[in-house]
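We'll start with a loop position, then move on to a helix, some strands, the overall chain and a ligand site.

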Amino acid sequence: MQKNKIYIETYGCQMNLADTEIVLGILQNKGYSVTKEAEDADVVLVNTCSIRDNAEQRIYGRLGNFKNLKNRNPHLVVGILGCMAERLRKDLVEEKSIVDLVVGPDEYRRLPELIDIAYNGDKGIGVKLSKTETYDDLLPYREDGLQAWISVMRGCDKFCTFCVVPFTRGRERSRSLSSIVNEVKQLSERGFKEVTLLGQNVNSYLDDKNDFADLLSACAKVDRMMRIRFTTSHPQDMSDKLLFTIAENSNICNYIHLPVQSGSNRILELMNRTYTIEHYLDLIEKARNIIPAVSFSTDIIAGFPTENYEDHVMTLDIMRTVRYDGAFMFKYSPREGTKAFKMKDDVPEEVKTKRLQEIIDLQQQISYEINQELIGTEETVLVEGKSRKSDNFFAGRTDSNKVVIFPVDDKINDGDYVKVKINKATQATLFGNYSSHTDIKSENLALIA
Ligand code: 5AD
Ligand code: SF4
């Protein structure tokens with residue numbers, strides 16, 4: 001039988017992007033093909049995010065568009081996957097009558113069966129969370145390229161009081177080290193040059209006796225010309241062993257995403273973040289001692305319940321102290337079912353907006369200053385392709401994930417590592433000129449055992 005065409009749209013974090021590849025892997029195995037045009041599809045899937053209300057509102061807007069498609073093609077199956085499916089469950093089928101399928105993050109194996117149910121005119125619903133599902137044995141669908149994600153663990157046990165993830169993605173569980181390493185090998189053989197290991201809290205990774213540091217070093221050994229990145233780290237669980245592993249492996253990027261959320265100990269406690277600012281700063285200092293070239297990025301929330309002006313100033317202070325390379329910055333958004341939802345959302349909207357703007361302005365200033373300091377230095381860049389704005393320029397990234405733009409040169413191909421001498425910098429981008437080809441991070445090669 002001629003199987004049908006799937007169109008999928010993905011919202012939210014990198015975990016969702018990785019899940020979309022798993023979903024497409026499952027459906028391709030069953031004979032479905034993938035289309036990039038919703039108009040051309042028999043099944044439209046939306047992989048959703050619930051982390052903040054504005055993410056959900058955007059997705060509701062998009063569902064409205066699909067309603068029009070369905071009016072034109074009544075046989076079209078429209079499905080919601082991911083966190084919103086898990087959070088809203090049956091409501092989505094009942095209230096949003098255009099939805100035929102609601103499938104949470106741990107039930108993707110059942111998608112073919114649930115799609116068949118929807119084809120037959122019933123609602124396909126699968127929203128059970130699992131303590132064991134990691135899709136360990138499934139090969140995700142990936143187009144050729146240079147960069148790939150691998151999710152190494154699922155779920156989160158931290159229960160930060162603002163966060164819906166422990167409810168939508170369930171308990172922490174890790175994939176096996178051997179299957180992850182095998183996937184890295186396959187990606188290396190296909191010519192991929194960068195892998196990002198993903199989890200809500202990768203430092204909790206545990207497979208038998210292997211912790212996250214063991215996993216990182218096993219992945220790094222596969223191909224020394226392949227960059228290994230990882231996200232997200234929780235400050236409570238970052239071990240010294242992990243820091244030494246990053247320092248000792250030239251191809252593990254010297255870049256740590258370490259969400260701080262707030263600079264106030266009082267707010268951190270209300271958030272159940274389980275560390276103090278003093279502990280956080282000690283960790284940053286230790287990391288800088290062990291990995292001298294390390295840089296950091298972070299997540300910050302403005303306007304958590306009861307946050308006062310002093311708390312906000314402490315957040316600005318921690319940003320000035322750490323000097324993050326980059327930050328994801330958000331207004332607090334109450335999420336039903338979380339502990340913080342029961343606290344009064346008492347910071348007025350305009351105050352949240354003002355504080356968030358101050359945080360963004362400060363981060364832009366810090367990023368600009370950090371980038372200015374790079375003028376005159378040579379950065380190792382993985383060439384990713386032509387720049388978005390012009391075919392006369394290449395774009396690539398440094399170890400610390402900064403975009404570098406430089407003129408094309410016959411000697412350079414996508415996937416090469418090159419040294420670029422930086423001559424100009426904005427808050428978001430570095431500009432420079434090619435100087436030579438290089439190893440992945442030549443200054444550190446001596447450290448490889
Ligand atoms: N409101 C605002 N930001 C949130 N985040 C998680 N939950 C919320 C919320 N309810 C942010 C945190 C987290 C990032 C992924 O999203 O900063 O680290
Ligand atoms: Fe949410 Fe906290 Fe878990 Fe991150 S560590 S996913 S913020 S509960």
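Helices (H or I, at least four residues) and strands (E, at least two) are DSSP runs here, numbered from the N terminus. With that in hand, Val 294 sits in the loop between H11 and strand E15 (295-302).

Some ground rules: this is a predicted model, where local features need pLDDT of at least 70, side-chain atom pairs count only at pLDDT 80 or more, and totals for chains, interfaces and linings use all residues. Residues are numbered from 1 along each chain as its sequence is written, chains are lettered from A and ligands numbered from 1 in the order in which they are written, and side-chain values use heavy atoms, leaving out hydrogens and water.

Is Val 294 buried or exposed? Buried, with a relative accessible area of 8%; the cut-offs are under 20% for buried and over 50% for exposed, with partly exposed in between (1.4 Å probe, protein chains only). Skipping neighbours within four places in sequence, Val 294 is in contact with Asn 254, Tyr 255, Ile 256, Ala 287 and Arg 288, contact being heavy atoms within 4.5 Å. Its C-alpha atom is 9.9 Å from that of Leu 243, 51 residues apart along the chain.

Leu 243 belongs to helix H9 (residues 240-248), where Leu 242, Thr 245, Ile 246 and Ala 247 are buried as well. The cover over the buried residues of H9 includes helix H8 (212-222), strand E13 (227-231), strand E14 (255-257) and helix H11 (277-290).

Now the strands, which pair if DSSP finds at least two bridges between them.

| Strands | Sense | Bridges |
|---|---|---|
| E19 (residues 403-407) and E21 (residues 429-437) | parallel | three bridges |
| E20 (residues 417-425) and E21 | antiparallel | seven bridges |

Val 403 stands opposite Thr 429 in E21, while Ala 425 has Leu 430 of E21 as its bridge partner. E20 and E21 make a hairpin with three residues between them.

Zooming out, the protein chain has 13 helices and 21 strands. Its C-alpha atoms fill a box of roughly 65 × 55 × 45 Å along the principal axes, and buried residues make up 55% of its 449 residues. Of the contacts with a separation of 6 or more, 71% come from residues 24 or more positions apart.

Finally, ligand 2: the residues around it include Cys 156, Cys 160, Cys 163, His 234 and Arg 273, a residue being near if one of its heavy atoms lies within 4 Å.
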